[in-house]
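The sequence and structure come first.

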Amino acid sequence: MTTELNTVHNEELPVVDSLITESSTTQDDVARMCAGLILDGQLAVLQHQLHADFLRIPMSFQLPPNYTGLDASKPWLMYWPLHALEILDPDNQTNDILSRIGPSIMACLNELEGAFGGGNGQTAHLAATYASLNTLAISRDEQLWSQIDRERLYKWLMSVKLPDGGFSMHVGGEEDVRAVYCALASAALLNIITPELMEGTAEWISRCQTYEGGIGGAPGNEAHGGYAFCGLAALCILGNPVEMIPKYLDVDSFVHWLSARQYQPEGGFSGRTNKLVDGCYSWWVGGCWSILEGALAWITSKDVLWSKADLQKYILFCCQSPRGGLRDKPGKSSDFYHSCYVLSGLSEVQHRYSFRPKMRDSKAGEWSFMWTSELESPDIVIIDEQNVVGPLNPVHVLPAGVGERMHDFYAALGTLEL
Amino acid sequence: MPLAYISDYSWEDIVPIPQDDGGENPLAPIAYQDDYKTATGYLRAVMSVEEVSDRALQLTSDLIFMNPAHYSVWAYRARLLFALKKDLEQELIWIEEVGQQFPKNYQIWNHREVIVDKYDNPIRELPFIEVMLELDSKNYHVWSYRQWLVRRFDLWVTELPYTDRMIENDVRNNSAWNHRFFAVFGKGVDISQSVIDDEMDYAKRAILKAPQNESAWNYLLGVLKRGKRPISETEQFCNELAAVTTTERSVDVDIDRIASTRALEVLADIYASRREVEMAAQVWTLLAEKYDPIRENYWKFKKAQTSRGFMATA
């Protein structure tokens with residue numbers, strides 16, 4: 001079907017290098033493959049039902065043996081499809097599943113350590129804890145929330161906090177900015193953020209910004225879209241983003257690097273300089289845009305600094321798998337991870353986020369729950385009725401309102417003595 | 001329970017702990033192969049009492065080959081190796097096999113770091129890293145590991161020639177460029193201006209080979225900023241690559257000769273730094289309309305931001 005479209009950029013760039021290297025060969029192949037799928041002057045339709053059917057697989061069937069590689073990521077195998085399903089249909093088609101979340105997630109709790117692992121009987125892990133708590137938020141089950149021993153979880157978080165301000169993924173595990181984000185996002189949901197937990201962390205994130213402007217996994221490492229989101233979102237939990245972002249990041253160079261992530265003619269984002277576009281960066285890079293545009297005063301409410309129409313084009317033409325689910329790029333299979341972050345990316349294309357602090361003197365741990373959204377203006381991007389997906393919280397990557405409700409539940413219980 | 005898992009050791013005295021996925025109807029259950037199911041049953045049993053034994057170590061080897069992403073197994077394995085005082089060189093050789101069989105796995109790098117730190121000898125490391133980067137020259141975890149290694153054993157001298165070689169292979173390998181920046185500036189000592197000159201020359205030579213290569217441009221500008229040099233130092237270089245001629249207040253680009261869009265962009269920044277706002281604005285308009293249109297909104301934003309800033313301080 002054809003709708004009047006915003007300008008998208010399907011043509012090749014006018015200035016091209018002649019030197020061929022491994023990077024340029026793979027880049028040319030992908031650009032050609034994408035260009036072949038993108039139709040001029042048209043919008044593709046988001047295949048809601050097909051994707052919903054794919055996303056319900058982990059709720060309806062035993063996953064086949066080749067999923068054993070994700071046996072240490074069980075909470076993610078719940079969070080990815082559940083979050084994606086809710087974004088796909090904000091009227092909540094997951095009700096029949098929500099009651100099964102409790103036992104499935106609590107089976108991943110390492111009772112000795114007090115936090116969640118990648119599966120039953122596994123070592124507590126920050127990424128697993130983040131995915132578990134996000135999944136529990138989606139359950140909207142207060143009874144379940146009241147079962148979490150927050151004091152013990154807090155102690156465990158402090159046990160993976162490192163003297164330089166960073167966090168390690170598990171006891172003896174790797175230190176990176178993912179760990180920082182997962183720790184802070186978890187603590188914010190549970191309302192257990194303390195000055196001790198935050199000490200030195202913003203400075204550590206600041207050290208991860210590279211000469212390119214993006215954020216690497218640890219100081220010295222290459223700038224990368226996933227880590228950029230984790231670092232930026234973590235700053236939005238540590239304090240008022242309006243103050244935190246310019247204080248700890250060189251915003252001009254960060255924005256420059258983000259801007260260079262969008263490729264023509266594909267329209268999608270790459271995660272690093274001279275790497276290929278990948279649908280998952282629709283969220284990791286696009287989420288950074290949402291946060292920056294929503295939090296920074298120097299961007300007036302009308303400015304969008306990138307091409308939302310081109311990203312929507314990449315998502316709809318190149319990331320939908322014919323067998324259902326969303327994918328990295330044409331030629332790849334769909335999976336739950338990509339479905340989650342491509343659909344989250346589509347949500348951020350279609351919505352405008354604003355940071356709206358309720359009061360001046362908000363407390364630590366409240367800042368990430370003050371985001372509002374509205375549908376994006378048709379001047380920026382045409383959103384076909386069939387393609388609409390729901391809004392989310394851009395810091396927690398949860399359906400809008402869900403994390404807020406969990407945080408409020410714990411806030412109402414009063415302050416924990418930590 | 002199916003007894004498909006076979007090892008050199010006896011497990012008769014162990015009561016396996018079955019996996020409890022949570023009730024009758026759990027989410028995301030996996031149909032495991034029998035040997036994996038049996039082996040993880042033993043794993044939960046021995047880990048729950050933190051058994052220190054050769055059979056537990058063997059179990060971790062077998063499980064890692066079945067699921068190398070099982071981080072709990074790796075962490076348990078490291079504890080076992082130290083408690084049993086195993087030969088750590090043998091362990092390094094074993095990790096090399098695992099790495100080559102599962103080149104995308106990243107748990108091995110944290111494990112290797114833990115082992116090498118204790119082993120206190122980097123002798124096997126650079127050759128192994130070399131093999132792994134041959135499989136994937138942009139493997140993020142391998143490059144991160146290399147940085148850790150260089151810091152831990154003070155191996156800075158090998159790094160510049162190494163990045164030379166990697167950049168020679170693929171001048172667009174951004175991981176190699178990032179590593180070069182680390183090799184030059186990561187030690188945290190004062191850098192002389194002659195090193196800044198050398199590195200700027202190095203980047204410029206690379207840019208001349210492939211003028212649209214963002215990696216080399218980012219490096220050039222990163223070095224320039226680190227050396228506290230004015231951006232206008234690159235003006236002549238950019239003029240040539242962007243095929244720009246300027247008259248008093250206007251910028252002209254020869255579309256048949258322009259080789260680099262980034263050179264054009266840098267010129268706009270140079271004009272803006274000299275408050276030649278009109279000229280900068282012309283370049284941003286050219287970028288938005290002709291040379292880099294997908295970033296149109298960004299170029300327009302730069303334009304608006306600069307004229308606002310100019311008005312505010314004028």
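Into which domains is chain B divided?

1. Chain B is divided into domain 1 (1-86) and domain 2 (234-314), with bounds that come from an automatic or database domain assignment. The C-alpha centres of these two domains of chain B lie 61 Å apart.

2. This is a predicted model, in which local features need pLDDT of at least 70 and side-chain atom pairs count only at pLDDT 80 or more, while totals for chains, interfaces and linings use all residues. Residues are numbered from 1 along each chain as its sequence is written, and chains are lettered from A and ligands numbered from 1 in the order in which they are written.

3. Chain A contains 19 helices and six strands; helices (H or I, at least four residues) and strands (E, at least two) are DSSP runs, numbered from the N terminus. Because its radius of gyration, taken over C-alpha atoms, is 21 Å, close to the 22 Å that the globule rule gives for 418 residues, chain A is as compact as a globular protein of that length. That rule is 2.2 Å times the number of residues to the power 0.38. The C-alpha trace of chain A spans about 60 × 45 × 40 Å along its principal axes.

4. In chain B, Leu160(B) belongs to helix H8 (residues 159-169). Leu160(B) has 16 other C-beta atoms within 10 Å and is therefore partly exposed (buried means 20 or more, exposed 12 or fewer, partly exposed in between, with C-beta atoms placed from the backbone).
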